[in-house]
Number of protein chains: 2
Amino acid sequence: MTHTYSIGIDIGGTNTDMGLVREDGTIIARSSISTNVYTELAPYVHDIMTCIGKLMHENSVEQIEGIGIGAPNGNFYTGCVDNAPNLTIKGVLNFEEEIHKYMQVPVVLSNDANAAAFGEMVYGGAKGLDNFIMFTLGTGVGSGIVLDGKLVHGSTGGAGELGHNILIPNGRQCSCGRKGCLETYTSARGIVQTYCELKGIPVSDAVNSKMIGDLANQGDPVALKTWEIVGDQLGLAMANSVTFSAPQAIFLMGGPTKVGEPLLKPLRRAFEKYLLNIYAGSCEIRMSELKANEVAILGAAALIKMKS
Amino acid sequence: MTHTYSIGIDIGGTNTDMGLVREDGTIIARSSISTNVYTELAPYVHDIMTCIGKLMHENSVEQIEGIGIGAPNGNFYTGCVDNAPNLTIKGVLNFEEEIHKYMQVPVVLSNDANAAAFGEMVYGGAKGLDNFIMFTLGTGVGSGIVLDGKLVHGSTGGAGELGHNILIPNGRQCSCGRKGCLETYTSARGIVQTYCELKGIPVSDAVNSKMIGDLANQGDPVALKTWEIVGDQLGLAMANSVTFSAPQAIFLMGGPTKVGEPLLKPLRRAFEKYLLNIYAGSCEIRMSELKANEVAILGAAALIKMKS
């Protein structure tokens, strides 16, 4: 059998990870460079393309279908990264144009949560689904919405920011400047804050969401209560998202979800409780089936499979 | 010039309104029958088709492009009305099949708010836009979402129920059985409830949203405060909807919106306040440009223009 290959690039503030991906979702080889040593796009893309050339050469791959990039503020429509606050390279960065100086292949860009959603559809548990939503819990809360088999990018390219849906009017202060965003409750930081509030202790680096997960699985009542609250909040947000696009499934991924049942049990209960009756039974909550250390590269690589 | 025509049917619990619509959005002629005298689909569709035949004959129209139907619980995918609680004809009603016994033309069905959104795109203020959301305020709060020029129907056909987005967790009791839905605050009934709460009087038939609108325009401080609260709530809901599909515009229609500035001023202020910064300036709130007594028929007729 002749295989086909693509490249997935995950641009983070600290590192840039690249992978050579086979059509079946196997990452054949990967490579990484530092992101934050660059202040200009040209040398950064030069070094990325050198890595890609090496990955291809070492694995006797002569052709790739395209290059997919998951990046903060990645704009699908323009092929640019628009003023990403956590990158040391400033301004509007035209990756597509710069990459085409080296290689004439399709270049598709989107933000990381969108890429994760699309990776789930092409390589993961959402195969065969064409209408679902992905929620990613981490430092923030991201989301990617797939409708009729396509990522929803909206008129600006910035659609699908459900982490900044205001869940509780006049609620917790969010880093975006507004109050009560979902992210302030169900991000790793939000979970820590809830735990510390219940404990009556100040938020500090001594507490993290992994620890609260471990405590819950050991039966600690305050930790269990924390996940119950988080599950209820996330279940409400997910039920609200169903009134928009009536998805077949909602997927969930990210560090805090590793806690398992202490989160998933109250989450499923809340989702059922808050779901409008006309949607009953039509949408299920599922965990991402991609490996945590592969999802970013697979998601980026999947972007080139996007229907235009 | 040769004109083309279509038929729009608006099915309400009490009356069924039909119109012969020219391609420029002019309703050439209209007709109406009672809905609630029927308990079976066959005689109901028979009488509808008789009316349509008459409308066409009297206006020397020999051919129509299709028949669009806006109906409660209208399912786009199946061409059926599914168990609409406010209809005297019970069960799953296959309008498409029944109509095809009389006339072989495309039949497209959707719910009334979706039809209103599509009507706005084909005949109203959303001409040329392919990404917007319509909110309809009335007895309830409906919504229709247009993305890439298509109505969002989702996996079930029931997408776009933003009136049942939970705005305030554990808030007012909604007729859907859950609490805090947008509809409980910004429907005509919700507006009356807010006014009565501010006045400290019981909700009764002596108060309606039209009256509260008139009072506000006469400078009554309690009425003005009511619209300020409603505008704030609706602005929050609209800002939240932008995080989903990043629309170019959000349209607004329905009886309670006729109050004008007492609602629109706080609504625009709230929308700006609650909008995530990445969307600033990308989406404006606009009033429907279709006439109140024409929107249902025009919206239904527009459905047949839907890209498949």
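How many residues of domain 1 of chain A are in contact with domain 2 of chain A, and how many of domain 2 take part? In this predicted model, 9 residues of domain 1 of chain A meet 10 residues of domain 2 of chain A. Helix α3 (residues 112-123) of chain A gives the most to the domain 1 side, with 4 residues. A contact between chains A and B takes 33 residues from each of the two chains.

**Domains of chain A**
- Domain 1 covers 5-116 + 294-305, and domain 2 covers 129-287.
- Their C-alpha centres lie 28 Å apart.
- The side of domain 1 that touches domain 2 has 5 nonpolar, 3 polar and 1 charged residues.

**Contact between chains A and B**
- Chain A supplies 33 residues, and chain B supplies 33 residues.
- On the chain A side, β10 (141-147) and α7 (221-245) each supply at least two residues.
- The largest share of that side, 5 residues, comes from α7(A).
- By class, the chain A side divides into 17 nonpolar, 14 polar and 2 charged residues.

**Helix α3 of chain B**
- Helix α3 of chain B runs over residues 112-123 and has 12 residues.
- From first C-alpha to last, α3(B) reaches 16 Å, close to the 16 Å expected at 1.5 Å a residue.
- α3(B) is largely enclosed by the rest of the structure, because 12 of its 12 residues are buried.
- Among the buried residues are Asp112(B), Asn114(B) and Glu120(B).
- Phe118(B), Met121(B), Val122(B) and Tyr123(B) are also buried.

Terms used
Residues are numbered from 1 along each chain as its sequence is written. Chains are lettered from A and ligands numbered from 1 in the order in which they are written. This is a predicted model: local features need pLDDT of at least 70, side-chain atom pairs count only at pLDDT 80 or more; totals for chains, interfaces and linings use all residues. Domain bounds come from an automatic or database domain assignment. Two residues are in contact if their C-beta atoms, placed from the backbone, lie within 7 Å. Ala, Val, Leu, Ile, Met, Phe, Trp, Tyr, Cys and Pro count as nonpolar, Asp, Glu, Lys and Arg as charged, and the others, Gly among them, as polar. The expected span of a helix is 1.5 Å times one less than its number of residues. A residue is buried if 20 or more other C-beta atoms lie within 10 Å of its own, exposed if 12 or fewer, and partly exposed in between; C-beta atoms are placed from the backbone.
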